[in-house]
Amino acid sequence: MFSSSILLQILACALYNNWWPMLSALMYVLVPMPCLFFGGGSTQFLTSRDGGGWIDAAKFLTGASAVGSIAIPIILRHAHMISTGAMFIEFVSFLIFVCTVLCFHHASLEDDW
């Protein structure tokens, strides 16, 4: 699933001969960083109600990165730097990426693995 998301990222750039949509791929790298740095590599802190300075900062950075993944194609389309088709391909790529993250999160919570 993750590979198809990256493939759609590349297709959004290659089909329209414009590599500006690759900026949102940068956000795909930034989304898991708060989990790695502040959560110890686990995604369980995202759904917990436990607070604290670093936990809240990690939740904020994860949310900001996720919103940035949606906002970058919209901003680029509004500035007429990418076409509408590239923007929609970016949205589909993001949707597949989110499904991948949710599947990973669900698999990491199960004890049977």
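The model is predicted.

**Overall fold**

The protein has five helices and zero strands, and its elements follow the order α-α-α-α-α from the N terminus. Of contacts between residues at least 6 apart in sequence, 60% link residues at least 24 apart. Some values for the whole protein are listed below.

| Property of the protein | Value |
|---|---|
| Residues counted as buried, of 113 residues | 28% |
| Accessible surface | about 7100 Å² |
| Share of the accessible surface from carbon and sulfur atoms | 73% |

**Helix 5**

Helix 5 covers residues 84-109, which makes 26 residues. At 1.5 Å a residue, helix 5 should span 38 Å, and the C-alpha atoms at its ends are 38 Å apart, so the two values agree.

Which residues of helix 5 are buried? They are Ala86, Met87, Ile89, Glu90, Ser93, Phe94, Phe97, Thr100 and His105.

**Phe60**

Is Phe60 buried or exposed? Its relative accessible area is 59%, and a residue counts as exposed when this value is over 50%, so Phe60 is exposed. Pro34 stands 26 residues from Phe60 along the chain, and the C-alpha atoms of these two residues are 8.9 Å apart.

Definitions and conventions
Residues numbered from 1 in each chain as written. Predicted model: local features only at pLDDT ≥ 70, side-chain atom pairs only at ≥ 80, totals over all residues. Heavy atoms only, no water. Helix = DSSP H or I, 4+ residues; strand = E, 2+ residues; numbered from the N terminus. Expected span 1.5 Å × (residues − 1). Buried < 20%, exposed > 50% of the residue type's maximum accessible area, 1.4 Å probe, protein only. Contact = heavy atoms within 4.5 Å. Areas by Shrake-Rupley, 256 points an atom, 1.4 Å probe, with all protein chains shown as cover.
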